[in-house]
Amino acid sequence: MWGRTLIERFTVGCRKSKSQGIRVPYVVRACSGPALPVDRLTPLQAATLWRQHFQEEGVSEPDHSSQYIIAHVLGAKTFESVKKEALSEFLSPEKTEQIWNLCAKRLSRMPVQYVIEEWDFRDITLKMRPPVFIPRPETEELVEIVLSDLQKKSGPLCMVEVGCGSGAISLSLLKGLPQLKAVALDQSENAVNLTKENALRLGLENRLEIYHFDILKDAATVLSHCSGVSAMVSNPPYLYTEDMSSLQPEILCYEDPAALDGGADGLALIKQVLILASQILLNHGRLYLEVDPRHPPLIQRWAESHLEELQYVVTKQDFNNRPRFCILQKEETNEDHK
């Protein structure tokens, strides 16, 4: 459900809501949820009922969808963490109505993360709301790679994240590295506001500067705020434009397309990130990227032909053995020595 390349199960369109500034789905084939039950149900019964209904209506991951929502209403993170006796007790009318309302949102193909308005990322819980990009499991791996490298360094550290979304990467790294300070950038005001909110919730606001910048349009401004950093991290929009139409409706209709669409070759923003890294990284500072599996050789060739000071270090694979992460390093050039 939360991958980047899943195909639609049935025809869904999107329209833009003027009041909220986000796209709202309309489903060509009408989907109606089960009526609010007259008789009282247990959480187990409610989960079974909604799983079956989600399955009938083509909602992806029907089991997880119903269980996450019901666990959330019961005050738990997962269905498995709810006490067994609680799963067999009758739900109150208020909780039953809450489950029905939230499951109806999921039936409209709203991602579970937006339905329950939060999501765990590594060891932090993030507030989530559309259209801000939902962090994927691969990005947790990206954080692990960066964390492993930075833990080897001593003294104060500073990093820049381009495209912060909900703040997942920066906030997770700040939590893991007390000596780290970070600057987070995003072209979306919704993302900037959500990152600020998550930083406050986690008590990390004093170590994070957040700016509403578009690095394609505000390059000079970005340079004036970010320089001499030890690391730069980005999970930029990297989908090929031609692949956008094949996304699941959960992604296509609710998440910001600007956080997904990387242009004709998926490299539109990535090239600017590479240029920025060559300008703001300290010598031996590193850039960490999460990209499309087709990108690493393209990125290596482009960097080698355009940026003498930025050297390609290594490609790392994700948990599905796909080439997903690129690491590049700033090196001194002959001009630097002069």
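**Figure 1. Glu61 sits in the loop between helix 1 (43-56) and helix 2 (62-73).** The model shown here and in the other views is predicted. Glu61 is not a glycine, yet its phi is positive, at about 45 degrees. Most residues other than glycine have a negative phi. Glu61 counts as partly exposed, because its relative accessibility is 29%, between the cut-offs of 20% and 50%.

**Figure 2. Glu117 is another non-glycine residue with a positive phi, here about 65 degrees.** The loop that holds Glu117 runs between helix 5 (112-116) and strand 3 (118-121). Glu117 has a relative accessible area of 38% and is therefore partly exposed.

**Figure 3. A cis peptide bond joins Pro130 to Pro131.** Omega is near 5 degrees at this bond. Most peptide bonds are trans. Pro131 belongs to the loop between strand 4 (124-127) and helix 6.

**Figure 4. The largest pocket has a volume of about 540 Å³.** Its lining counts 35 residues, and those closest to the pocket centre are Gly163, Asp186, Pro237, Ala258 and Ala259. By residue class, the lining of the largest pocket holds 19 nonpolar, 10 polar and six charged residues.

**Figure 5. Strand 5 and strand 6 (residues 180-185) run parallel.** Six bridges pair the two strands. Within this pairing, Glu161 stands opposite Ala184 of strand 6. Five of the six residues of strand 5 are buried, so the rest of the structure largely encloses this strand.

**Figure 6. Helix 7 is mostly covered.** Seven of its nine residues are buried. The buried residues of helix 7 are Ala168, Ile169, Ser170, Leu171, Ser172, Leu173 and Leu174.

**Figure 7. The largest nonpolar core contains 61 residues.** Ile99, Leu171, Leu173, Leu208, Val233 and Tyr288 have the most contacts inside this core. Helix 6 (residues 137-150) gives the largest share, six residues. Which residues are in contact with Leu208, leaving aside its neighbours within four places in sequence? They are Ser170, Leu171, Leu174, Ala182, Val183, Ala184, Thr195 and Ala199. In soluble globular proteins, nonpolar side chains tend to be buried together.

**Figure 8. A second, separate core has 31 residues.** Among them are Val229, Tyr238, Leu274 and Leu307.

**Figure 9. Strand 10 (residues 310-317) and strand 11 (residues 323-330) pair in the antiparallel sense.** The pairing extends over seven bridges. Lys316 has Phe325, in strand 11, as its bridge partner. Five residues separate the two strands of this hairpin. Asn321, in the turn, has a positive phi of about 60 degrees.

**Figure 10. The whole protein sets the close-up views in context.** The predicted model has 13 helices and 11 strands. Of its 338 residues, 51% are buried. Among contacts between residues at least 6 apart in sequence, 69% join residues at least 24 apart.

Methods: Residues numbered from 1 in each chain as written. Predicted model: local features only at pLDDT ≥ 70, side-chain atom pairs only at ≥ 80, totals over all residues. Heavy atoms only, no water. 1 Å grid on protein atoms, 1.4 Å probe; cavity = no way out; pocket = protein on both sides within 12 Å on 5 of 7 lines; lining within 4 Å. Points joined across faces, edges and corners; volume = space filled by probe spheres on them. Nonpolar A, V, L, I, M, F, W, Y, C, P; charged D, E, K, R; others polar. Core = buried A, V, L, I, M, F, W, Y, C linked by side-chain atoms within 4.5 Å. Buried < 20%, exposed > 50% of the residue type's maximum accessible area, 1.4 Å probe, protein only. Helix = DSSP H or I, 4+ residues; strand = E, 2+ residues; numbered from the N terminus. Contact = heavy atoms within 4.5 Å. Pairing = 2+ DSSP bridges.
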